[in-house]
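Let's walk through a few features together, one at a time. Have the sequence and the 3D view ready.

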Amino acid sequence: MHWTYSCPMCAALLNPGERVVLCAEREDHRFLAGFHPQPGNYEVELPPGEEMPVGTRWNFFCPVCEQSLTSDLSDELCALDVHMAGETHRVYFSRTAGEEATFVVTAEGLLKDYGIHTDRHLEHMVHTKYMR
């Protein structure tokens, strides 16, 4: 299945090639990072000499409009729009390096979650969305 990603703010295409390209920032490090487009595949391509140590928290930005991708749902997650099979969904992913937690959400609710660390976020997401 082909997954096409875009910025939720400016709708810019974020994976014109084989990777989803985002601007990553933490302390004095800022660079473009390439993420595998398949949810649940946590391969990341980084520029030579850069690394994302496990457990470090990163800020991600759209490389086109430079807006933060941090989600309103949780400041622990970032959000992108994903287009597949003629439908658009929202994808949330963890900002913490090495944490495997990705959620594909439709207007009706959670479509699918991926990764071994999803439980860390699901309870917060449910409380935020439904326990007001």
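A: Let's start with a term: a charge sits over a ring if NZ of Lys or CZ of Arg is within 6 Å of the ring centre and within 35 degrees of the ring normal. Here, the charged end of K112 sits over the ring of Y114, 5.4 Å from its centre. R30 also lies over a ring face, that of F61, at 5.1 Å from the ring centre. This is a predicted model, where local features need pLDDT of at least 70 and side-chain atom pairs count only at pLDDT 80 or more, while totals for chains, interfaces and linings use all residues. Residues are numbered from 1 along each chain as its sequence is written, and side-chain values use heavy atoms, with hydrogens and water left out.

Q: How many aromatic pairs does the structure hold?

A: Rings of Phe, Tyr and Trp (its six-membered ring) pair if their centres lie within 6.5 Å; planes under 30 degrees apart are stacked, over 60 edge-to-face, and the rest tilted. The structure holds four such pairs. Take F35 and F60: their ring centres are 5.6 Å apart and their planes are at 75°, so this pair is edge-to-face. F35 lies in strand β3 (residues 29-35) and F60 in strand β5 (residues 59-61), so the pair ties together parts 25 residues apart in sequence. Strands here are DSSP runs (E, at least two residues), numbered from the N terminus. Together with F93, F35 and F60 form one aromatic cluster.

Q: Is F60 buried or exposed?

A: Buried means under 20% relative accessible area, exposed over 50%, and partly exposed in between (1.4 Å probe, protein chains only). F60 has 3% relative accessibility, so it counts as buried. F35 is buried too, with a relative accessible area of 18%.

Q: Which way do the residues of β8 point?

A: In a regular strand the side chains alternate between the two faces of the sheet. In β8, T102, V104 and T106 point one way and F103 and V105 the other way, and all are buried. Five of the five residues of β8 are buried, so the strand is largely enclosed by the rest of the structure.

Q: Which strands pair with β8?

A: Two strands pair if DSSP finds at least two bridges between them. Four bridges join β8 to strand β7 (residues 87-94), and the two run antiparallel; Y92 stands opposite F103 there. With strand β9 (residues 109-114), β8 pairs in the antiparallel sense over five bridges. In β9, D113 is the bridge partner of F103. β8 and β9 form a hairpin, with two residues between them.
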